[in-house]
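Welcome, and thanks for taking a look at this one.

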Amino acid sequence: AVVSTQSTGDKRVVNVLLNGLGVMMVYAGMFGAVMVMPTIFKDMQGERGLSQNTAFYGYIISNSAVVIFAPLTPTLSRVLGTRTAVILSVVLCGTIDNVLFYPTDYLVYTAFLLNGAGCALLRVSSLAYMTKNSTRQTLSRNNSIHWMMLTLGLMLGNLIVMLVDITISEIDDDKRYTIAIATSTMCVLAIPGYFFTKNIPDNYDDIMADQVRDQIEEEIRSPPNERTSFTSFPHHGSVSLGSELDPVTEEEAREERSVGRILTGMYRILQQNESMWLLMPMFAAGVYSTASFPIIPTAVCNQAKKPWLISAFGIMAGMGQLVGAFLIGRAIDRVSLRKLASVISGLAVLSFALVALIVEMGLSSRWYQWRNFSQGLVLVLAFFIGTCDMANNVCLSVAIGRLYNRQSDPAFSLFITVLSLSMITWYMFVTLTHSHFYIILILYSIVSVAAAFSYACMEFESTDQ
């Protein structure tokens with residue numbers, strides 16, 4: 001039994017790592033292109049109907065597509081199979097890279113629409129796949145691995161772009177072609193690893209049996225005074241993962257992943273008290289995402305008139321995300337979520353306040369040394385904003401995995417939907433209202449504090465005992 005459990009555990013680790021590697025390569029290619037689009041289109045102002053707002057309108061279209069397609073992705077993944085679904089998502093995400101070869105307004109909007117469909121399929125499937133390859137003991141670790149690999153992709157994409165345009169004041173056609181080739185190649189390289197993963201199992205009986213065996217092994221290894229008892233141990237086995245899980249047949253499991261069941265599951269989750277408190281942290285995830293990219297780095301670039309600052313900001317934010325994923329992964333089983341959320345909120349508010357001061361007073365200063373110091377300080381703050389972004393994502397993923405292990409498909413669909421709606425809200429606010437930059441940062445701070453308050457009102461048995 002121990003050998004069988006060890007073999008199953010090894011396969012799960014391989015699946016989680018290969019899934020993370022694929023996500024890393026996709027995001028490297030996708031964000032490498034998307035990060036510089038506002039600057040590219042600004043330099044091409046008036047050509048082929050392009051402007052800086054073209055990129056922001058594209059972001060709105062992409063996230064709207066995510067909202068529409070997120071509930072459909074579990075069914076599509078079941079019909080096509082995991083490998084085929086993920087490969088299709090990679091192809092769709094890669095359209096945003098290819099459009100840089102010859103961007104026009106309509107081609108850009110079409111590419112963003114396809115990219116949004118691909119992102120919905122990739123995000124929901126990869127998170128659900130990671131959760132279903134996790135046990136109670138490995139859920140936090142696997143969440144950290146997933147988000148750290150994603151962050152490495154963001155850093156790699158920004159590094160590619162930074163190496164291309166770090167010495168120039170604008171991104172010309174030759175540099176644009178180089179960026180398009182490099183980012184498209186990264187998306188293509190994301191595909192091979194998925195051929196070595198196993199499809200997401202549809203039989204929840206097998207999943208629960210594996211988790212029972214893993215917990216039995218953990219029980220055997222632990223000292224007698226630290227052992228816990230199982231909720232029940234029938235033939236198929238159900239184990240306490242926040243709530244008791246009953247055996248489910250393969251046909252029932254497949255039915256649960258239909259579009260109707262996903263939408264019904266999302267609605268039922270919304271009716272629960274815990275999910276209502278989770279909505280604000282989900283909305284805050286959109287705040288941290290748009291703060292890291294592209295609202296703050298674009299404002300910094302426009303003020304300093306140095307395009308390389310966008311990629312440098314992304315790299316520093318990525319480093320912060322790595323640190324955030326590592327620290328939260330280590331702390332989340334030892335410290336309550338409400339305490340972690342308070343730290344995240346306080347750090348975010350402080351970072352937003354300092355960024356506002358620097359953008360308004362430092363980057364446009366007549367003093368050369370003060371301008372250079374302000375650029376360095378902005379990059380330091382990018383690190384902390386990235387830390388808040390990833391820390392919030394890991395906390396949310398772990399909370400969803402603990403509360404809705406059996407409902408991971410509708411739960412993560414709801415997460416991606418609320419995240420995308422939040423991002424749409426901020427993109428529309430920026431493009432349609434033309435609000436002053438510091439007003440946006442004040443609103444960011446309010447949402448961040450509200451998210452911390454929501455965590456404080458929740459009860460998580462595993463951390464807040």
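What follows is a briefing on the fold, its helices, its ring pairs and a few individual residues.

This is a predicted model, in which local features need pLDDT of at least 70 and side-chain atom pairs count only at pLDDT 80 or more, while totals for chains, interfaces and linings use all residues. Residues are numbered from 1 along each chain as its sequence is written, and side-chain values use heavy atoms, with hydrogens and water left out.

**The chain as a whole**

- The secondary structure comes to 17 helices and 0 strands; helices (H or I, at least four residues) and strands (E, at least two) are DSSP runs, numbered from the N terminus.
- Of the 465 residues of the chain, 58% count as buried, where buried means under 20% relative accessible area, exposed means over 50%, and partly exposed lies in between (1.4 Å probe, protein chains only).
- Contact here means heavy atoms within 4.5 Å. Among the contacts in the chain with a separation of 6 or more, 83% come from residues 24 or more positions apart.

- Not counting residues up to four places away in sequence, Y59 touches V34, M37, P38, F112, F293, P294 and Y427.
- As background, nonpolar side chains in soluble globular proteins tend to be buried together.

**Aromatic pairs**

- The structure holds 11 aromatic pairs. Rings of Phe, Tyr and Trp (its six-membered ring) pair if their centres lie within 6.5 Å; planes under 30 degrees apart count as stacked, over 60 as edge-to-face and the rest as tilted.
- Y27 and F31 form a stacked pair, because their ring centres are 5.5 Å apart and their planes are at 15 degrees. Both belong to helix α1 (residues 2-34), and being 4 residues apart they are separated by about one helical turn. Y27 is buried, and so is F31.
- W426 and Y444 form an edge-to-face pair, because their ring centres are 4.8 Å apart and their planes are at 75 degrees. W426 lies in helix α16 (residues 408-433) and Y444 in helix α17 (residues 437-456), so this pair ties together parts that are 18 residues apart in sequence.
- W426 counts as buried at 5% relative accessibility, and Y444 counts as buried at 0%.
- Ring pairs also link F283, F352, W426, F429 and Y444 into a cluster.

**Two helices packed together**

- Helix α12 (residues 273-304) and helix α13 (residues 308-331) pack at an angle of about 145 degrees, with their axes 9 Å apart. Axes are lines fitted to C-alpha atoms, for helices over the stretch in contact, and angles run from 0 to 180 degrees between N-to-C directions.
- On the α12 side the meeting residues are A291, S292, I296, P297, V300, C301 and A304, and on the α13 side they are L309, I310, F313, A317 and Q321.

**Residues to look up**

- M35 sits in the loop between α1 and α2 (37-43), and it counts as buried at 3% relative accessibility. Beyond its neighbours up to four places away in sequence, M35 touches N158, F293, P297, I310 and G314. M35 and V161 are 126 residues apart in sequence, with their C-alpha atoms 8.7 Å apart in space.
- S413 is in helix α16 and counts as buried at 0% relative accessibility. Leaving aside neighbours within four places in sequence, S413 is in contact with A70, P71, P74, V124, I262 and M266.
- Y102 is found in the loop between α5 (82-98) and α6 (105-132), and is partly exposed, with a relative accessible area of 49%. The residues that Y102 touches, not counting those up to four places away in sequence, are R48, L107 and R176.
- Helix α4 (residues 73-80) has T73, P74, T75 and S77 as its buried residues. Just after α4, G81 takes a positive phi of about 95 degrees.
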